[in-house]
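This report covers the nonpolar cores of one protein model and the strand pairing around one of its strands. The sequence and structure come before the details.

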Amino acid sequence: MLIALAAITLLTGCAEAAPDSPFPPRPADIDVTGIDPCAALTPAEQADRGVGPGEPGTGDLGDGPTRICGWSNFDDGYNYSVQTLPLPAAVVVGTPDSTVHVVDGYGVVQSTAFGDSFPLCSHYIDASDPHGIRVQVMATASNEDGSIKDFDEVCGKTTLLTSQALRNLRPAG
């Protein structure tokens, strides 16, 4: 979870959003200040990943408070996290190794890191104008043959987690 807070801390110096949004219109704004990141996965989705209830945490990123929830599966070698952000996802556009995608109608900036060791894939969700949500999956173990897991696999898991988080956290309606 320290990596999660450290990664977002690097972004707090870039808190000015671009004037034109790189994202499509949102299906609905998500009140990031009112969500519980641990509600991003239902009990059934936790069981599918082989994890229990998430481990909540809080912090301050300089631009405001953050809440995070993390899940770890030591059998499959992945860590999962969902974090509220006091800044919009647009501030991440154009950072190294980032690309813009759409998941379930929401704009998402995908960012990758640590490809030479344990790949990390992050999705910064355009949840509302002033706030974002970060969804992250990190490989914490090598493949059985000793090779490093690839970004396609890690980012595929991130896309699934992003979709589930959006379904579970966005307003009903």
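## Terms and basis

A nonpolar core is a set of buried Ala, Val, Leu, Ile, Met, Phe, Trp, Tyr and Cys residues joined through side-chain atoms within 4.5 Å. Buried means under 20% relative accessible area, with a 1.4 Å probe and protein chains only.

The model is predicted: local features need pLDDT of at least 70, side-chain atom pairs count only at pLDDT 80 or more, and totals for chains, interfaces and linings use all residues. Residues are numbered from 1 along each chain as its sequence is written, and side-chain values use heavy atoms, leaving out hydrogens and water.

## Nonpolar cores

The largest nonpolar core holds 28 residues, and Trp 71, Val 82 and Ile 133 have the most contacts inside it. Two or more residues each come from strand 2 (65–73), strand 3 (78–85), strand 5 (106–113), strand 6 (120–125), strand 7 (132–139) and helix 3 (151–169). Helices (H or I, at least four residues) and strands (E, at least two) are DSSP runs, numbered from the N terminus. Helix 3 gives the largest share, six residues.

A second, separate core has 10 residues, including Phe 23 and Val 91.

In strand 6, six of six residues are buried. Leu 120, Ser 122 and Tyr 124 lie on one side, and Cys 121, His 123 and Ile 125 on the other.

Two strands pair if DSSP finds at least two bridges between them. Strand 6 pairs antiparallel with strand 5 over six bridges, and six bridges also join strand 6 to antiparallel strand 7. Leu 120 stands opposite Ala 113 and has Met 138 as its bridge partner in strand 7. Strands 5 and 6 form a hairpin with six residues between them, where Phe 114 in the turn has a positive phi of about 60°.

Methods:
Buried means under 20% relative accessible area, exposed over 50%, partly exposed in between (1.4 Å probe, protein chains only).
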